[in-house]
Amino acid sequence: MSADNGRRARRSRREAPAGLDYATPRHGSAFTRLRRTSGLSFMDLHRPSGRLTLSGAVRGELRKMFSLRSTWVLLLIVMLLQPLTTGLMACAPRVLADLGRQASQYPAHLMPASSDVFWSAVAAGLFPAMIVAGVLGVLALTREFSGATIESTLTANPRRGMVLMAKGFVLALLTWLAAQVGLLLSWILATLLLSVRSGTSSASRPGLVLIDLLGGPLMLVLFALMGLGLGALSRSKAGGIGLFLGLTLILPLILGLLRGVIPHVGWLQIPFRLTPTSLLVTFLSGLGRTAEAGRGWWPTWWQAGLIMMVWTALCCALGTLVFRRADIG
């Protein structure tokens, strides 16, 4: 009996689950393996979850803008308006020739043009694209107000300044890509339709090629960011588009009419030349001397670019101030 009892006791000890061991864990124990393979690694300890970052906000805005059909439509319009306008300007002399006006001056297969006319035709599409880029900038923010999704956006990221900065970065990137591709298409189309008689660039403006091909899309980016700032200022589609069209179209028209109707108001030339549309004309023409621009003071191409940056910064600053302090409702 004693032998049977001893065997039963040893069997029960082997089958009993091991209790908690509070002693120092040995090498290779379960506690040591857990400590080595824990999910709280060195990088995780220095990267707390749920932290708001600008890169994350930019990725969210990219996904949001790519999911909207209006974004693709407006970007395609920005890109395709440029070669379309270039083709119309290049074919206009041929149409006049077909109507019997100076038909002998144009060959049947290729139309001659000076370098200034050539680059004017290439950059002409930036002017209608400017309006579309501004409308895209306004809609980048105001459609969230009209669609009542701005509350969800600010709930996910309550830092309104970061939200607006992320929208501006994504808007600038997409606008620049669309404008750059469209301008390259315009250049190829103008090369096929126009024959430049005096070389690829004007002697008085040797940097006109780089100004138009590289600076033109950047100017379109400034107009898009101006639209974003005006959209944040008004927080409505109609208000933002109205403000943008007022600055780019109505204001130059009013100043031009006042300058032509009222005598002895030569000082109106200065505010007229400082309007955004006039600055775009000056920048793309590559003016470097005031004699080329007429009487009075006229900004050079680089001064026009800087003044346009001031316009954009002013609109974005006012829009950011209103967007950060106004109630969402």
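Phe145 is buried in the predicted model, with a relative accessibility of 16% (buried means under 20% relative accessible area, exposed over 50% and partly exposed in between, for a 1.4 Å probe and protein chains only). Phe323 is likewise buried, at 1% relative accessible area. The model is predicted, and local features need pLDDT of at least 70, side-chain atom pairs count only at pLDDT 80 or more, and totals for chains, interfaces and linings use all residues. Residues are numbered from 1 along each chain as its sequence is written, and side-chain values use heavy atoms, with hydrogens and water left out.

Five aromatic pairs are found in a search of the whole structure (rings of Phe, Tyr and Trp, the last by its six-membered ring, pair if their centres lie within 6.5 Å; planes under 30 degrees apart count as stacked, over 60 as edge-to-face and the rest as tilted). One of them joins Phe145 and Phe323 in an edge-to-face arrangement, with 6.3 Å between centres and 80° between planes. Phe145 belongs to helix α7 and Phe323 to helix α15 (residues 301-325), so that the pair links distant parts of the chain, 178 residues apart (helices are DSSP runs of H or I with at least four residues, strands are runs of E with at least two, and both are numbered from the N terminus).

A further edge-to-face pair is formed by Phe223 and Phe244, at 6.5 Å centre to centre and 85° between the planes. Phe223 is in helix α10 (residues 208-234) and Phe244 in helix α11 (residues 237-261), so parts 21 residues apart in sequence are tied together. Both Phe223 and Phe244 are buried.

Ala172, in helix α9 (residues 160-193), is buried at 17% relative accessible area. When residues up to four places away in sequence are not counted, Ala172 touches Val221 and Leu225 (contact means heavy atoms within 4.5 Å). Ala172 and Val221 lie 5.4 Å apart, C-alpha to C-alpha, at a sequence separation of 49 residues.

Helix α7 (residues 126-146) also meets helix α13 (residues 276-285): their axes come within 11 Å and cross at roughly 140° (axes are lines fitted to C-alpha atoms, for helices over the stretch in contact, and angles run from 0 to 180 degrees between N-to-C directions). The two helices are therefore oblique to each other (angles under 35 degrees count as roughly parallel, over 145 as roughly antiparallel, 65 to 115 as roughly perpendicular and the rest as oblique). Leu126, Phe127 and Met130 of α7 make the contact with Thr277, Leu280, Val281 and Leu284 of α13.
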